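Please read the numbered points beside the sequence and the model.

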Amino acid sequence: VNAIDRATIDGGVTLVVVRINNDDDDGTSENKKWNLLNRLSKLKQQRLAEGNRDFLLVVNNDVELVLRAISNNIHVDGVHVKEYNAHLIPDIRQKLQDALE
């Protein structure tokens, strides 16, 4: 998070994509993803409060994490879907729209 903090402080980095592997068998991976996303969202809100230094926060290939974030009022800008899952995009869009309503 410190590296992203420094990279976004002057508006030089405008897109942050979060990708975390699910390597842990004990479930700690989910907590790590959630904590990281929460911290990055708070950083995004801080940048918004500072003025024109906003960045987009996108989660890579984890629709469920984005839906959880939306339901907990944690600001994320979207989810990146791999090309091999392109056929799922209409379904994902609908899920995201439903979560926002």
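1. Val18 has Val59, in E2, as its bridge partner. E1 and strand E2 (residues 56-60) are paired in the parallel sense over four bridges. Strands (E, at least two residues) and helices (H or I, at least four) are DSSP runs numbered from the N terminus, and two strands pair if DSSP finds at least two bridges between them.

2. The model is predicted: local features need pLDDT of at least 70 and side-chain atom pairs count only at pLDDT 80 or more, while totals for chains, interfaces and linings use all residues. Residues are numbered from 1 along each chain as its sequence is written, and side-chain values use heavy atoms, with hydrogens and water left out.

3. An open sheet of three strands runs in the order E1-E2-E3, with parallel pairing. Its edge strands, each pairing on one side only, are strand E1 (15-18) and E3. From one strand to the next the twist averages 35° (axes are lines fitted to C-alpha atoms, and angles run from 0 to 180 degrees between N-to-C directions).

4. The largest pocket holds about 190 Å³ of space. A pocket is an open set of points on a 1 Å grid over the protein atoms alone, where a 1.4 Å probe fits, with protein on both sides within 12 Å along at least five of seven lines; lining residues have an atom within 4 Å of a point. Grid points are joined across faces, edges and corners, and a volume is the space filled by probe spheres set on the points.

5. Which elements line the largest pocket? Helix H3 (63-71), strand E3 (78-80) and helix H4 (89-100) each supply at least two residues, and H4 gives the most, with five. Among the lining residues are Val66, Asp77, Arg93 and Leu100.

6. The second largest pocket has a volume of about 150 Å³. Eleven residues line this pocket, and Arg19, Ile20, Asn60, Asn61 and Asp62 lie nearest its centre.

7. Arg68 lies over the face of Trp34, at 3.8 Å from the ring centre, and the charged end of Lys44 sits over the ring of Phe55, 5.6 Å from its centre. Such a placement requires NZ of Lys or CZ of Arg within 6 Å of the ring centre and within 35 degrees of the ring normal.
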